[in-house]
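Consider how two protein chains can be read together, starting from the contact between them and then moving to features inside one chain. The paragraphs below follow that order.

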Amino acid sequence: MTSSPRPTIARYGDLMRRGELTSRELVESVLDRIAKTEPLVSAYAFVDRSGVRAAAQRADDELREGADRGPLHGIPLAIKDVITTKDMPTLAGSHVPLGTLAGKDAKVVELLRAAGAVIVGKQVTHEFACGQNVPPTRNAWNTACYPGGSSAGAGVSVALGSCVAAVGTDAGGSIRKPAALNGVVGLKPSYGRVSRRGVIPPSGSMDHVGLVTRYVADAAVVLQAISGAVPGDQSTIAEPVPEFDAFLGEGLEGTRVGVVYQSFLGDDDPAVTAATQAALTVLRELGAELIDVDIPSLPLVGATTEVILAAEAGYSHLALLRAHAANYVPATRRYLQLGALIPASFLQAAYQARATIGRDVAHVFHSHRADVLVTPTTPLRALPVAEMKIERDLRRYVRHTALANLTGLPAITVPCGFGDGLPIGLQLIGRPFREPELLGMAAAFEAATPWIAATPLMSS
Amino acid sequence: LVIRILARVSLNKIRAAVPGLHNWEVMVYNTGVPDGPTVAELDSIVSLAALVSLPLMEEDIAHVASSMRRLSAAAQSLLSSSYALTPDPTLFDPRR
């Protein structure tokens, strides 16, 4: 690894506004990084070289003429390939023809463009973000290893600097897993915070649009640009949009951190447990008060997640399955067929369990006056792909992340260490719609630890 | 094996779900999948698929039936849980 930290989005912005960097130059450096790393990691499904160069030139022209769109002006971002774009293909990692489902900008892409971001390309996902196949993407730290998913390309490319930040989706941990396994920051906002209009949906009530960034401060910048209720959009909630950087730079003195002790009782990788314990020590040294908390219904999370994800995904794919079954990857097709056939009693039991889990978590926050809950992000580091048992291992990876999808709570992963050269993430789960506080706590941890400065050798 | 399956599974139902299927191919469904599904499980999957007009590819039926067995075990843990059986009044709150 190396320790030559890349600039934050704010720093890039400063350089551009001082005339020391242009968006075009930044884009060229990203394209150069893509050319060097893509043969090894396959993070991108599509790179729009001419489009992003033209967009960067427009961004530079605008800035020169005094039309400043804000912190994302001229910043190269990438988009997960389940999020539709008008000027680039959206394939969702599949050979299934999407027809009119694709072809327009998703709301989140519309907002990013309006904020001045320039879109580099589309990033690799498991087919339809279902997490049933291992895509060609490989880990930024060891190209023999699993990159995480389903926002696989996002985690890898942010770690390698082949984009500055990436927008993905997370229905069970699909942003936080690849972020953790590649040593970067991944944020799943509260359910309803960001529109999903134009996202090819694997799951109605579990899926969220979120982001992968190099730094916590960058996450605040990108989230600011994409948040907010959209009239008529059932995937958003009319909640005021706060200043997401409001707590950046604040300490953790007096913060109450609920440690979900059950998350340490499983068969997690010992290196993950050790790094998480070390992270808890850091939080305590920073002035946080650690409280062991018990979520009685936590053992139901796995089964509840499995039933709801499969049923909702199967339902949303029913028409495509009827018309184009042969075009799916077999593992994805079988998963979706299973989902479409789940008996109503199973689904209802899962919804009831989900409500119970939500009440238990709310009770934990309330009774302990906790500001945040903490768990490891993934129970395992990145496994060598050749040694993976897909059905077993892909399910294991969501053990700690799915809780925040079931409850709709905001959750972030920040790097908290390494084991044998592979990154490990710490997950912080916040109160509903309290992303500013969550980001503030994550930033305090980030600032007190050396992990974010480490970058893969391949990116240097 | 074919005879045993045909005795217990409605071939018409399988044919409805998998057009063009030949009798001998039914045998495939009970082989090739570790800890493969029982005839009753195959029958259930084919019936369910027919009910929702979901054509199954013949190579998928045994896999889906096996996965349904595993998912069913997971769902039974929810159905037998005292948590899941507690009605949630907020599910029906018209303000939500």
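A salt bridge here is a side-chain nitrogen of Lys or Arg within 4 Å of a carboxyl oxygen of Asp or Glu. The model is predicted. By that rule, the side chains of Arg334(A) and Asp60(B) form a salt bridge, with an N to O distance of 2.6 Å. Arg334(A) also meets Glu59(B) in a salt bridge, at 4.0 Å from N to O. This second pair runs between chains, from the loop between helix H4 (39-51) and H5 of chain B, where Glu59(B) lies, to helix H11 of chain A, which holds Arg334(A). The two ends of the pair with Glu59(B) can be described by their accessibility. Glu59(B) is partly exposed at 43% relative accessibility, whereas Arg334(A) is buried, with a relative accessible area of 18%.

The interface as a whole can now be described. Between chain A and chain B there are 5 salt bridges, and 8 residue pairs are in polar contact across the interface, both residues being at pLDDT 80 or more. On the side of chain A that touches chain B, the elements giving two or more residues are helices H9 (301-316), H10 (318-324), H11 (330-340), H12 (344-367) and H13 (390-396) of chain A. H12(A) gives the most to this side, with 10 residues. By class, the side of chain A that touches chain B has 18 nonpolar, 7 polar and 7 charged residues. The contact takes 32 residues from chain A and 31 residues from chain B. The area buried between the two chains is about 2800 Å², and carbon and sulfur atoms give 68% of that area.

Helix H11(A), which carries Arg334(A), deserves a separate look. Of the 11 residues of H11(A), 9 are buried, so the helix is largely enclosed by the rest of the structure. Among the buried residues are Arg333(A), Arg334(A), Tyr335(A) and Leu336(A). What covers the buried residues of H11(A) comes from both chains, including H9 and H10 of chain A and helix H5 (61-79) of chain B.

Over all chains the count comes to 29 salt bridges. Arg113(A) forms one with Asp87(A), the closest N and O atoms being 2.8 Å apart. This pair links distant parts of the chain, 26 residues apart: Arg113(A) is in helix H4 (residues 107-114) of chain A, and Asp87(A) is in the loop between strand E2 (76-80) and H4 of chain A. Arg113(A) forms a salt bridge with Asp105(A) as well, with 2.7 Å between the closest N and O atoms. Arg113(A) is partly exposed at 22% relative accessible area, and Asp87(A) is partly exposed at 41%, while Asp105(A) is buried at 15%. A network of salt bridges links Asp267(A), Asp268(A), Arg392(A), Asp393(A), Arg396(A) and Arg399(A).

The cysteines come next. A search of the whole structure finds 0 disulfides over all chains. For Cys416(A), the closest cysteine sulfur is in Cys145(A), 17 Å away, and therefore too far for a bond. Cys416(A) is buried, with a relative accessible area of 4%, and Cys130(A) is buried at 10%.

Ser157(A) is buried, with a relative accessible area of 0%. Leaving aside residues up to four places away in sequence, Ser157(A) touches Ala43(A), Tyr44(A), Gln123(A), Ser162(A) and Cys163(A).

Conventions
Residues numbered from 1 in each chain as written. Chains lettered and ligands numbered in written order. Predicted model: local features only at pLDDT ≥ 70, side-chain atom pairs only at ≥ 80, totals over all residues. Heavy atoms only, no water. Disulfide = S-S within 2.5 Å. Buried < 20%, exposed > 50% of the residue type's maximum accessible area, 1.4 Å probe, protein only. Contact = heavy atoms within 4.5 Å. Buried area = accessible area lost by both parts, 1.4 Å probe. Polar contact = N/O pair within 3.5 Å; in protein donor to acceptor, adjacent residues only side chain to side chain. Helix = DSSP H or I, 4+ residues; strand = E, 2+ residues; numbered from the N terminus. Nonpolar A, V, L, I, M, F, W, Y, C, P; charged D, E, K, R; others polar.
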